[in-house]
Amino acid sequence: MKNSVVKKSIFSRFLNMMLPFYCRGCGKAGSLLCERCRNDIEVVGEVPVLPELDRLFVAGLREGALSKLVEDYKFKSLKGISEILVDLLDEAVPGDLPGKIVVVPLPTIRKHIRERGFDHTWRLAGEFSRRKDWAVAPILKRVNKTVQVGADEVTRKKQAERAYAVNMEVAKEVGLMEKFGGSKKKERLSEDVGYLLLDDVWTTGASMRAAAKKLRESGAKRIYGAVVCINCLD
């Protein structure tokens, strides 16, 4: 099985190099997204606040060219698409969020990283943080291997609640831990930092909300969210 995954990944990369670029919107050859189709993607920006998040930012709706871009980025390992998605995120998320900001990608299960040949969310987080001149830190970790694709909203919520934990060792290594309390001081996430959770798709919001809850329980005070696309806006 492992050899099969490796061969599939190598074949996908070779195929992507050989095939010409074509627009994921109209199919025109020459680029992954032509100027006309890029202009057709309406950047959403900030959306109403949820209880778990202080602010939430969305690049666009999960439809048309944007939906195809995200799908090909994740499932066909077209890494070059990340630059387009980061452009949209950069427009959707204001650069003047107060104080120090740390981008925290929602972690991907290892099975998917092996299949795709890269961690799609970590790549987005890295490029996005450089664009904004913010820090990036993988202080969340997956504690189970559940896959949410195809699951209903109730199942997604239950899975998400058990999916994440704060990696205190990593947080300490990157200087995001502080000691609080009396004589028996406990280490918690720094309250002076704004943590911006980043993910590619918002389906029900279960993953983002669960991740925010874990950060809040570990001491975070300011928590923002940013996603490339969302299924719909109520």
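Q: Let's start with serine 77. Does that count as buried or exposed?
A: In this predicted model, serine 77 counts as buried, because its relative accessibility is 13% and the cut-off for buried is under 20%.

Q: Where is serine 77 found?
A: Look in the loop between α3 and α4.

Q: What's up with the phi of serine 77?
A: Serine 77 isn't a glycine, yet its phi is positive, about 55°. For background, most residues other than glycine have a negative phi.

Q: Which other residue has a positive phi although it is not a glycine?
A: Aspartate 133 is one, with a phi of about 60°. You'll find aspartate 133 in the loop between α6 and β4.

Q: And is aspartate 133 buried or exposed?
A: Exposed: aspartate 133 has a relative accessible area of 69%, and the cut-off for exposed is over 50%.

Q: OK, on to the sheet. What order do the six strands have?
A: Going across, the order is β1-β2-β10-β9-β3-β4. The sheet is open, and its pairing is mixed.

Q: Which are the edge strands?
A: Those are β1 (45-47) and β4 (135-136), and each pairs on one side only.

Q: How many bridges join β3 to β9?
A: Six bridges do the joining, between residues 100-105 in β3 and residues 193-202 in β9. These two strands run parallel.

Q: Which residue in β9 is the bridge partner of valine 103?
A: Leucine 196 is the partner of valine 103.

Q: Which strands does helix α3 touch where it packs on the sheet?
A: Helix α3 (residues 64-75) touches β2 (55-61), β9 and β10 (222-230). The direction of α3 makes about 100° with that of β10.

Q: What about helix α4, which strands is that touching?
A: Helix α4 (residues 81-92) packs on the sheet too, touching β1, β2, β9 and β10. Relative to β2, the direction of α4 makes about 135°.

Q: At what angle do the axes of α3 and α4 cross?
A: They cross at roughly 135°, and the axes come within 9 Å. That angle makes α3 oblique to α4. The crossing of the two helices is left-handed.

Q: Which residues make the contact?
A: From α3 you have Leu66, Leu69, Val70, Asp72 and Tyr73, and from α4 you have Ile81, Ser82, Ile84, Leu85 and Leu88.

Q: Now α4 and α6: at what angle do their axes cross?
A: Roughly 50°, with the axes coming within 9 Å. So α4 and α6 are oblique to each other, and α4 passes α6 in a right-handed crossing. Among the α4 residues that meet α6 are Glu83, Val86 and Leu89, and the α6 side includes Arg123, Leu124 and Phe128.

Q: Switching to the inside: which residues touch the most other members in the largest nonpolar core?
A: That core has 38 residues, and Leu85, Phe128 and Leu196 touch the most other members. The elements giving two or more residues to the core are β2, α3, α4, β3, α6 (120-132), β9 and β10.

Q: Which element gives the most to this core?
A: That's α4, with seven residues. Apart from this core lies another one, of 32 residues, with Tyr195, Trp202, Ala210 and Ile223 among them.

Q: Back to leucine 196. What is in contact with leucine 196, leaving aside its neighbours within four places in sequence?
A: The contacts include Val93, Leu97, Ile101, Val103, Phe128, Trp134 and Tyr224. Remember that valine 103 is also the bridge partner of leucine 196.

Definitions and conventions: Residues numbered from 1 in each chain as written. Predicted model: local features only at pLDDT ≥ 70, side-chain atom pairs only at ≥ 80, totals over all residues. Heavy atoms only, no water. Pairing = 2+ DSSP bridges. Helix = DSSP H or I, 4+ residues; strand = E, 2+ residues; numbered from the N terminus. Contact = heavy atoms within 4.5 Å. Axes fitted to C-alpha atoms, helices over the stretch in contact; angles between N-to-C directions. Core = buried A, V, L, I, M, F, W, Y, C linked by side-chain atoms within 4.5 Å. Buried < 20%, exposed > 50% of the residue type's maximum accessible area, 1.4 Å probe, protein only. Parallel < 35°, antiparallel > 145°, perpendicular 65-115°, else oblique. Left-handed = near helix turned anticlockwise from the far one by under 90°.
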